[in-house]
Amino acid sequence: MIALNAIAAGFDVIVGQQWEIFARLAELPTSIVLFKGNNGAQAEHMVTAKRAGHFVCSIEEEVLAVRNDREILRCYHSTARPALDMIFAQGTRQTALLEGYWPDVKGRVATVGNPRADLLRADGDEDLGEAARSLRRRYGPFVLINTNLASINPRIDDIYGYFELCVRVGVMDPNDRDDMHLLHQQFLWEREIFTAITTLAMRLAADGVSVVMRPHPSENAEIWQRHLAGIPGIEVVREGSQVDWLKASSLLVHSGCTTGLEAFLLGHPVAALTPGRFEFHDFFISNLVSETFSSVESARRAILDHLSGAQCLDTNRAVKRAGLEPFLLQSEDKSAAERIVERLAAACPDSARPKTTRLRELFGATRTHLSDRRLSKAGFDRDDIMASIESCARLAPSVGSPRVTELGPLIFYLRAGPAGPNDNV
Amino acid sequence: MSDPSALTVMRDALRAGTTGAEAPRELIDLFADLARRLGPEGVADALRLVLAFHPNCAALLNIGATINFDRERWSEAADLARWAMAAGPNTSEGQMVAAAYLFRSRRLHEARHHCALAEELAPDGAGPLFLHGRVLMALDLVEEGLSKIDRAANRDAKFKFAARVLHLGLTAADFDRVKSDFASANTDGGK
């Protein structure tokens, strides 16, 4: 959505997997570089981009469903701030937090909302879509349970590997007592959730409810498949788009996952399990907009009542929406993508078009930066990108479909107007 | 993107030498120096070239394994490490390197095999026990895995923290516990 709005404002856009772009920051013509996050790994490249003369700005993909101040600040690495010309915040709370904690960023933070939320709101207006319809045909009515236990059950290595990764990317200081206490609490919290959410799945299945469990993409899905897939009434799936599964389901159960907020924005019934006494339950906006249940039994009863039509789970939407507003700007007049592009156009009026015709040559080199992990993490291919561009173009008809040129592996050059026979990039 | 100057340097060095199992020491040192200065991306093509001339040089293969590991190409790293083991001396450290790379790329049965060899070669070591324990846990052999990890922590205090963390990971035992509790609750009339 940001790319399409940028094209409508007269920009040309390069979009794609970050590693190939990072490797060429110094060679790219001076332009705007928009980062998706602000952790240590991203910050390193922000510094390179800044040195190369680019206008450096960021959104923060990790905070869409987060409302805890400490966790939001944790996403911003200390070396990112000096390199950033502009920081896009999704709500007034985030802006006030960043400006209050780091006075030096005052004037560089813009409250714009979150393009991912805009996309969901727009998507919610559409009908189910073929993919979701197909899931409904295949599975019938089902309860979707999204797990999010990537610290105790990571996709790569194990729980200790997760700890080492946190230290490596700078979100965790092993010498900081508070950090270590928090991490320990996080492990215990996820273990408690595992017990509650797995028990709930088994109880619902025993009640005759079809349950589809989707482990988070950062989780090791195999262990779920090995130990739950044989239980009648429970399916463990990883494939397909989360939004399609959500739309196809009767309701979503989560435990502090971003998908809980996505469900709410789509107007979908959503329940959150919050077992035990853990401060983490209050960390997430997704719990704020979900019906929360501290026990398996209370969740089970509410879900069965909802499915039977006795009592709808989805209540107090207006109150929840009002509670959400400080955390996520939602005004209807403009989308987050439009606001971001407006700010960029005002800040960098001369950055509209790259001053080079060597882009294909620059990006056409071998895929040396795509490792096993990166390919797996990228999680998309050319068809996904093209489908995504088309889908966004449908949601923003005033912007129109762009001209797309593939510059290299998963790197795309987007410009206004239909493709010509001699696109020379 | 490989640095063309690295390729030129290696080409010139190879032109002056011969092919064979063991690369000359100067060539290994030159390549190690290039890798240090240019990083894994900078010497990718040079590595391929030098291995074509000296395919059974353990030192070069080990550098290659490390480079690939740094590039997160774990399977390639694992294969090069095992190749190096076959070509060079059979050490516990070498087996550990191969096992670690295999663990990362989730080739768990192969990793287990190399862990067992590493343990045989260093029966008093804590490192092989520790890694072997992690591999066994990933293979759902939780009790056996934790036992090895705890023994590693008793042998070497540097593994104590990691052992405590690993006791909190999600394992097959957790699924068994929840299923057993669920079955008991149903037998007891459900609660």
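Domain bounds come from an automatic or database domain assignment. On that basis, chain A is divided into domain 1 (2-115 + 328-415) and domain 2 (123-320). What you are looking at is a predicted model, where local features need pLDDT of at least 70, side-chain atom pairs count only at pLDDT 80 or more, and totals for chains, interfaces and linings use all residues. Residues are numbered from 1 along each chain as its sequence is written, while chains are lettered from A and ligands numbered from 1 in the order in which they are written.

Let's start inside chain A. The C-alpha centres of its domain 1 and domain 2 lie 28 Å apart. Their contact takes 14 residues from domain 1 and 14 residues from domain 2; two residues are in contact if their C-beta atoms, placed from the backbone, lie within 7 Å.

Now let's turn to a place where two chains meet. Two packed helices are described by the angle between their axes and the distance between the axes. The axes of helix 10 (residues 177-206) of chain A and helix 11 (residues 172-187) of chain B come within 10 Å and cross at roughly 50°. Helices here are DSSP runs (H or I, at least four residues), numbered from the N terminus. Axes are lines fitted to C-alpha atoms over the stretch in contact, and angles run from 0 to 180 degrees between N-to-C directions. Because of that angle, helix 10 of chain A is oblique to helix 11 of chain B: under 35 degrees counts as roughly parallel, over 145 as roughly antiparallel, 65 to 115 as roughly perpendicular and the rest as oblique.

Which residues make the contact? Helix 10 of chain A brings A:Phe194, A:Thr195, A:Thr198, A:Thr199 and A:Met202, and helix 11 of chain B brings B:Asp174, B:Val178 and B:Phe182.

How values were computed. Helix = DSSP H or I, 4+ residues; strand = E, 2+ residues; numbered from the N terminus.
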